[in-house]
Amino acid sequence: MPVLVASDLDRTLIYSAAALALTMPDARAPRLLCVEVHESRPLSYMTETAAQLLTEVGDAAVFVPTTTRTRKQYQRINLPGPPSKYAICANGGHLLVDGVTDAEWHARVTERLAGECAPLSEVQAHLAVSADPLWVRKHRIAEDLFAYLVVERELLPEDWVKELAVWAENRGWTVSLQGRKLYAVPKPLTKSAAVREVARRTGADLTLAAGDSLLDADLLLAADRGWRPGHGELADSGWAAPAISALPERGVLAGERILREFLKASRTPR
Ligand SMILES: [Mg+2]
């Protein structure tokens, strides 16, 4: 029976230049592989060693990229290793099978959202009136499922984020702040539900997971074993769970460590 490896991508396996967090002297920095180009510029990286490890994970397990990115944002990433049969985008709103969205899965998700939380339009309207143009650079809607803002982190008032989180909570939504992006996502829109569906379809008997943000908490809790890096919302809030290892590594080196752990656990006889 296969092992399922469901991993968040941004700031878990792949890193923007701003998120690399390299601390060694430049002459001893690891060689980096660019895995995403956006508007003709390099955007995301992993270490060369991590690229090799990901290839090995892809051979040893069913590797499922599990991201909050839209399908379009996901599809411009060029990961090393065998192509993934399954990928989870839009925080579980889209399940790609051989690169094509599973319409039945998407319909099931939207039906659940309609019944269990406030509509996107209400959240969108609230953000439009309450977010200050002083620190908001962009208002975005992702896949007609959730909203996010691109913000100036240094100018973003912490209290406003806390107030928004309470407002959202009362409407069945959750708020997550990751780098320059502030996400408002319906609570029933989860990575874990989509991962469970992939586990069912593949007959996997062991699920491994990794993630760095609050939107990854349910993914980690649903896995048999998981890892989180030493940076990010989960690390900053001291989030912990019995089957989840809190790694000390930060930045792009955490990605390498996570892949090493995936590989070790995938190859351990069960
Ligand atoms: Mg992440």
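1. Buried means under 20% relative accessible area, exposed means over 50%, and partly exposed lies in between (1.4 Å probe, protein chains only). At 30% relative accessibility, Leu 32 counts as partly exposed. Leu 32 is placed in strand β2 (residues 32-38); strands are DSSP runs of E, at least two residues, numbered from the N terminus.

2. The model is predicted: local features need pLDDT of at least 70, side-chain atom pairs count only at pLDDT 80 or more, and totals for chains, interfaces and linings use all residues. Residues are numbered from 1 along each chain as its sequence is written, and side-chain values use heavy atoms, without hydrogens and water.

3. The structure holds 4 aromatic pairs. Rings of Phe, Tyr and Trp (its six-membered ring) pair if their centres lie within 6.5 Å; planes under 30 degrees apart are stacked, over 60 edge-to-face, and the rest tilted. One of the pairs is Phe 146 with Tyr 183, which is tilted, at 6.2 Å centre to centre and 50° between the planes. Phe 146 lies in strand β9 (residues 146-151) and Tyr 183 in strand β11 (residues 181-186), so the pair ties together parts 37 residues apart in sequence.

4. Phe 146 counts as buried, at 1% relative accessibility. Tyr 183 is also buried, at 10%. Together with Tyr 148, Phe 146 and Tyr 183 form one aromatic cluster.

5. The charged end of Lys 85 sits over the ring of Tyr 86, 5.9 Å from its centre. The criterion is NZ of Lys or CZ of Arg within 6 Å of the ring centre and within 35 degrees of the ring normal.

Methods
Helix = DSSP H or I, 4+ residues; strand = E, 2+ residues; numbered from the N terminus.
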